[in-house]
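Please have a look at the model, and then we can go through a few of its features together.

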Amino acid sequence: MSGKTTRASTQRRANEAELPLLLRLLSAARSVESGISEALAAAGVTPEQWRVLSVLEAGGGRTMSDLAQTAVVPAATATRIVDQLVSKGLVYRRADPADRRRVVVHLSARGRRTVAPILDAEATLERAVVEELGPRGYLGVATSLDLIAHIRPDDHAGTPDAAVAPPGSLNRP
């Protein structure tokens, strides 16, 4: 952390530590999103469209259901987003060679050129996060987020109530 920490920012951080996990995760997501907002605007891409493009850039073609799940959007929204991206020439659809009833969405060459500056903005933001947290801290956050993404409440149904801390209580003395 920089030496510029003020009393107001310290108080804000203390207040944020009292928020439930979901609000803290959403706040962090919004902060990351705002960190690449200029690159998104320059590319003419919405944050939701970026999530779809990012998934396609990272892993080749995806079925609509896989794309919706990985981009964290409802299936109907994924379809609408893909329609918009097809009309911009950023993605294209093909029948799945293994099952012609399914559609696979791919990033087009134009899409690759469009995502490049956004990926650069993301990399810059990620370097800033690593600088702030340190490499171990960053790795810890990334690992924790991966774990959180796969936790299901039913997996922990037998956990005793005494072991479950209320929101914000983990940061209280």
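## A nonpolar patch

(Helices, H or I, of at least four residues and strands, E, of at least two are DSSP runs, numbered from the N terminus.) The patch covers about 480 Å² and is made by L21, L133, V141, L145, I148 and I151. Patch members have over 30% relative accessible area and no salt bridge, with like charges joined within 9 Å and nonpolar side chains (Val, Leu, Ile, Met, Phe, Trp, Tyr) within 5 Å. A salt bridge puts a side-chain nitrogen of Lys or Arg within 4 Å of a carboxyl oxygen of Asp or Glu, and accessible areas come from the Shrake-Rupley method with a 1.4 Å probe, where for residues only the protein chains shown count as cover.

This is a predicted model: local features need pLDDT of at least 70, side-chain atom pairs count only at pLDDT 80 or more, and totals for chains, interfaces and linings use all residues. Residues are numbered from 1 along each chain as its sequence is written, and side-chain values use heavy atoms, leaving out hydrogens and water.

I148 lies in helix α7 and is partly exposed, because its relative accessible area is 32% (buried is under 20%, exposed over 50%, partly exposed in between; 1.4 Å probe, protein chains only).

T124 is also found in α7, and at 46% relative accessibility T124 counts as partly exposed.

## S108 in its loop

S108 sits in the loop between β3 (99–107) and α7 (109–149). With a relative accessible area of 11%, S108 is buried.

Leaving aside neighbours within four places in sequence, S108 is in contact (heavy atoms within 4.5 Å) with G89, L90, V91 and Y92. The side chain of S108 reaches the backbone oxygen of G89 at 2.6 Å.

Note on methods
Polar contact = N/O pair within 3.5 Å; in protein donor to acceptor, adjacent residues only side chain to side chain.
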